[in-house]
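Biologist: Walk me through this one, please. Keep it brisk.

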Amino acid sequence: MDKPIVMGIINATPDSFYAGSRHTGTDAILEQAEKMIKEGATILDIGGQSTRPRSEPITADEELKRVINGIEVVHKNFPDTFISIDTYYSQVAKEAVHAGASIVNDISAGNMDEKMIPLVASLNVPYVLMHMKETPETMQQSANYENVTREVLDFFIQKKQQLLHSGIRDIIIDPGFGFGKTIAHNFELLRNLSIFKMQDCPVLLGISRKSTIYKTLGITAGEALNGSTVLHTIGLLNGATILRVHDVREAKETIQLVTACMNGK
């Protein structure tokens with residue numbers, strides 16, 4: 001990637017932490033996809049399960065019911081747009097790629113389904129490698145680090161070698177903001193984001209409207225757009241390559257302005 005890009009979030013779920021990202025049903029997914037593409041999204045990240053803290057998992061079959069028709073329709077109508085499937089189930093990843101997805105975004109780094117990494121290698125698609133402690137149900141109880149930046153970096157160094165050995169060549173790394181981290185941990189990772197560039201992989205920043213923003217400001221997720229833009233700006237200045245966001249137009253404008261400033265024009 002020669003410049004940062006935007007990944008738009010489409011949650012085919014009834015219970016995602018931000019109500020504005022919930023788009024259940026094929027028509028709603030297609031409508032949101034069209035809006036995000038017009039606003040400048042390069043990737044659409046479609047997921048059928050909420051992974052907010054203390055969320056309860058659903059089955060792979062239920063997740064498939066929520067996402068597959070939407071992926072098929074979006075791919076049919078917008079074949080030049082990259083679709084990412086947000087799942088930790090290998091079964092969902094496999095069927096989503098066959099339906100038109102071209103990236104697998106796995107919050108568990110293959111730790112919640114041992115078939116995931118071999119599957120992604122066989123599909124020959126890019127893989128988003130995210131850091132998370134434990135599972136969404138328990139991760140916030142495990143948010144303990146001596147040095148969060150060093151521990152996340154060490155995780156990426158070790159896991160990247162495993163992925164390469166397994167045959168996965170295109171790796172995107174995601175520090176996992178909010179996944180088993182406190183607000184202080186998230187700010188430390190954001191300040192040190194440039195360190196992860198040593199992995200020579202695109203760095204995904206997924207902090208849009210999260211509790212780090214709205215709890216710090218004493219507002220709600222619905223009021224956290226401005227705060228998201230501020231942290232996206234900091235992330236871009238520190239080397240973020242992909243902004244995973246709820247608000248595509250604002251993120252695209254942020255990239256344009258930061259790029260113009262850094263390039264002196």
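Modeller: One term to start. Buried means under 20% relative accessible area, exposed over 50%, and partly exposed in between, with a 1.4 Å probe and protein chains only. This is a predicted model: local features need pLDDT of at least 70, side-chain atom pairs count only at pLDDT 80 or more, and totals for chains, interfaces and linings use all residues. Residues are numbered from 1 along each chain as its sequence is written, and side-chain values use heavy atoms, leaving out hydrogens and water.

Biologist: Ile207, then. Buried or exposed?

Modeller: Ile207 is buried, at a relative accessible area of 1%. It sits in the loop between β7 and α7. Helices (H or I, at least four residues) and strands (E, at least two) are DSSP runs, numbered from the N terminus.

Biologist: What does Ile207 touch?

Modeller: Phe177, Ile213, Leu231, His232 and Arg244, not counting residues up to four places away in sequence. Contact means heavy atoms within 4.5 Å.

Biologist: Which loop holds Arg209?

Modeller: The one between β7 (204-205) and α7 (211-217). Arg209 is buried too, with a relative accessible area of 4%. Its phi is positive, near 60°, and it is not a glycine.

Biologist: What about Asn124 and its phi?

Modeller: Asn124 also isn't a glycine, and its phi is positive, about 60°. Its loop runs between α4 (116-123) and β5 (127-130). Asn124 is exposed, at a relative accessible area of 60%.

Biologist: Zoom out. How many helices and strands does the protein have?

Modeller: Nine helices and eight strands. The C-alpha atoms fill a box of roughly 40 × 40 × 35 Å along the principal axes.

Biologist: How does the radius of gyration fit a compact globule?

Modeller: It agrees: 265 residues in a compact globule would give near 18 Å, and the protein has 17 Å. The radius is taken over C-alpha atoms, and the globule rule is 2.2 Å times the number of residues to the power 0.38.

Biologist: What share of the residues is buried?

Modeller: 54% of the 265. The accessible surface comes to about 11900 Å², with 49% of it on carbon and sulfur atoms. Those areas come from the Shrake-Rupley method with a 1.4 Å probe; for residues, only the protein chains shown count as cover.

Biologist: Which residues have the most contacts inside the largest nonpolar core?

Modeller: Ile71, Val104, Tyr127, Leu129 and Phe196, in a core of 71 residues. Apart from it lies another core, of eight residues, including Ile43, Ile103, Val128 and Leu204. A nonpolar core is a set of buried Ala, Val, Leu, Ile, Met, Phe, Trp, Tyr and Cys residues joined through side-chain atoms within 4.5 Å.

Biologist: What is Phe196 in contact with?

Modeller: Leaving aside neighbours within four places in sequence, Phe196 contacts Thr149, Val152, Leu153, Phe156, Ile173, Pro175, Leu189 and Val203.

Biologist: Where is the kink in α2 centred?

Modeller: On Val67, at about 30°. The bend at a residue is the angle between axes fitted to the seven residues ending there and the seven starting there.

Biologist: Which residues of α2 are buried?

Modeller: Ala60, Glu63, Leu64, Val67, Ile68, Gly70, Ile71 and Val74. An α-helix has 3.6 residues a turn, so residues three or four places apart point the same way.

Biologist: What covers the buried residues of α2?

Modeller: The cover includes α1 (26-39), β2 (43-47), β3 (82-86) and α3 (90-99).

Biologist: And Asn77, how accessible is it?

Modeller: Asn77 lies in α2 and is partly exposed, at 44% relative accessible area. Asn77 and Leu30 are 47 residues apart in sequence and 8.5 Å apart in space, C-alpha to C-alpha.
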